[in-house]
Amino acid sequence: MTYQVLARKWRPRDFSQMIGQGHVLRALVNALDTQRLHHAYLFTGTRGVGKTSIARVLAKALNCETGISSTPCGTCSACREVDEGRYVDLIEVDAASRTKVDETRELLDNVQYLPARGRYKVYLIDEVHMFSNHSFNALLKTLEEPPPHVKFLLATTDPKRLPVTILSRCLQFNLKRVSAEQLHEQLAKITQAEGIVAESAALVQIANAADGSVRDALSLLDQAIAYTGGSLSEREVSTMLGTVGTEQVIPVIAALARGEGPELIRLARELADFTPDFGQILGEILSTLRRIAVYQALNEAAATLDETVAITTLASLMTPEDCQLYYQLGLLGRRDLPLAPEPQVGFEMALLRMLAFKPVAPAPSETTTPTAPVVKVAPTSATPTARTEVPTPRARSALAKSTPAAVPPLPAAGVEPANDEARLEAPPTASSISSLRELDWTAMVAKLETTGLVRELAKNCALRSFDGRVLELSIAPQFENLRSERQTKGLEQALRTQLGQEVLVRLSTVASGETTPAQQLSAAQAAKQAAALAEIEQDPNIQTLQREFGATIERVSAK
């Protein structure tokens, strides 16, 4: 027996089998049931949403032997012949192949004759916008004064190309794109009826790739069945479509939220191994960020969303401001993707831009006393290394109004204030840390007020020596790309701010026995992962599932 493709096999046979177009079906059902029938109907919409399918069902309803109604019997000879495409009084025309006026006139010359069998002679003209101007004029004459036994059903994907004289003589119905949720439900129904094993996530990917077209969804389902051999898994369908799902972009967003530059690049290049559509990946990242933003905005009502654990975890890792920043930069990166030298380059730069512009959270204050702007007093010979910070006159006035305490008098430049309570605590100076033994590089990096590539440089360096002024660091060869004059100057500035004195940074690309802050963080995370996995493996319920049903633990997703 010849195989029939799913798009034809599952074509709607009556209005109840149509997906989505409720606003169109309601009008047609009421018109048929009340016998208020127009002589010309125009169905518009994108490809595969059901324009010709609705037209065929309407033709069947008009000529059903049981009478005109919105529920044709489907068993009489007229209904069966319409379904099989051989009903003599249903004339289907492809306007793209009949662009000449002579062909149109020859077609319309038979309009005056009565139908051979049915009540109405139905002309179904597909892609009617392809008619020439002369053909439209010939059709217009017929539409102006049509015989009572003729009905015109026109379908087009581009109604703007139709003359207004044609539009004004038709009842126009605009068919909408079918939602991904409705497509997913239909695909699940079809796979179950066809006896095909399919993961729900795989069907979701097909529904999203169909872009609102039912015919495209069924064609992709046919292709997926052939590709996978009849058992649809998410990974295989993703490979076939060249797409990346939400589960694959969640680690990318997590690395972004934690500020882990090397991990971000590693994950981006792992995705590149699938040779995907990088615009689609950015779109998936944007879609996930939208879900995170909605979850954050609902606060206590967020539980009503029934979101996944991954989304709720990511919502706790980033602030709403960061989420909005990532979304905006992702939009710009997706827009600029065609301008990049290569799509992968544009994708990586979009992620790095999100990381570089991520704002640094201010350190929490230990007191609730209002703070004021300060001015820095230049050191003199009497105070070569100390740095004194005092409030500005405007700040002193504002502080005096907001607090009952008296504000001490403003000392002269270079003179230490007489009242110790007026002195702001100075940061530790480099002179107090004069040896490698006394400097905790990991703790120092954690306190540095910097972000972006400068922070990544500091996290991936190991401390070699420090004499109180010159700080010698080593960086592994695989992170050589972080080493530049700009990043080095930025690190020196951050250290100068932290230590209160000039610090010269010297970088060398050599292997070092010391661990970097990034390595320590990675080791800590690995230890947490191992502890979580061990806890899962020791769970009695998990052990029962493994013993009774042969269940396995996905170690990568264990948290």
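Colleague: What pLDDT does the chain average?

Modeller: This is a predicted model, and pLDDT is the predictor's confidence in each residue. Of the residues, 84% score at least 70. The chain average is a pLDDT of 81.

Colleague: Which element of the chain has the lowest mean pLDDT?

Modeller: At the top is strand β1 (residues 40–44), with a mean of 95. Over residues 363–432 the pLDDT is below 50. That stretch still has 61 contacts in the model beyond near neighbours in sequence. The lowest mean, 36, belongs to strand β8 (residues 374–377).

Colleague: What is the strand order in the open sheet of 5 strands?

Modeller: The pairing is parallel. The edge strands are β2 (90–94) and β5 (171–174), each pairing on one side only. Neighbouring strands are turned by 15° against each other on average, direction ignored. The order is β2-β3-β4-β1-β5.

Colleague: Which residue in β4 stands opposite V122?

Modeller: Strand β3 (residues 121–126) pairs with strand β4 (residues 150–156) in the parallel sense. The pairing runs over 5 bridges. Opposite V122 stands K151.

Colleague: Which strands does helix α2 touch as it packs on the sheet?

Modeller: Helix α2 covers residues 22–34. Its direction makes about 150° with that of β5. The strands touched by α2 are β1 and β5.

Colleague: Are α5 and α6 roughly parallel or roughly perpendicular to each other?

Modeller: Helix α5 (residues 101–108) and helix α6 (residues 133–144) have axes 8 Å apart. They pack at about 20°. Angles under 35 degrees count as roughly parallel. So α5 and α6 are roughly parallel.

Colleague: Which residues of α6 does α5 meet?

Modeller: The crossing of the helices α5 and α6 is right-handed. From α5 come V101, T104, R105 and L108. The contact of α5 with α6 divides into 4 nonpolar, 4 polar and 1 charged residues. On the α6 side stand H134, S135, A138, L139 and T142.

Colleague: Are α14 and α15 roughly parallel or roughly perpendicular to each other?

Modeller: Helix α14 (residues 278–298) and helix α15 (residues 309–317) have axes that come within 9 Å. The axes cross at roughly 70°. The range 65 to 115 counts as roughly perpendicular. Therefore α14 and α15 are roughly perpendicular.

Colleague: How many charged residues has the contact of α14 with α15?

Modeller: From α14 come T288, R291, I292, Y295 and Q296. From α15 come I311, T312, L314 and A315. By class, 5 are nonpolar and 3 polar. The charged count is 1.

Methods: Residues numbered from 1 in each chain as written. Predicted model: local features only at pLDDT ≥ 70, side-chain atom pairs only at ≥ 80, totals over all residues. Heavy atoms only, no water. pLDDT = per-residue confidence, 0-100. Helix = DSSP H or I, 4+ residues; strand = E, 2+ residues; numbered from the N terminus. Contact = heavy atoms within 4.5 Å. Axes fitted to C-alpha atoms, helices over the stretch in contact; angles between N-to-C directions. Parallel < 35°, antiparallel > 145°, perpendicular 65-115°, else oblique. Left-handed = near helix turned anticlockwise from the far one by under 90°. Nonpolar A, V, L, I, M, F, W, Y, C, P; charged D, E, K, R; others polar. Pairing = 2+ DSSP bridges.
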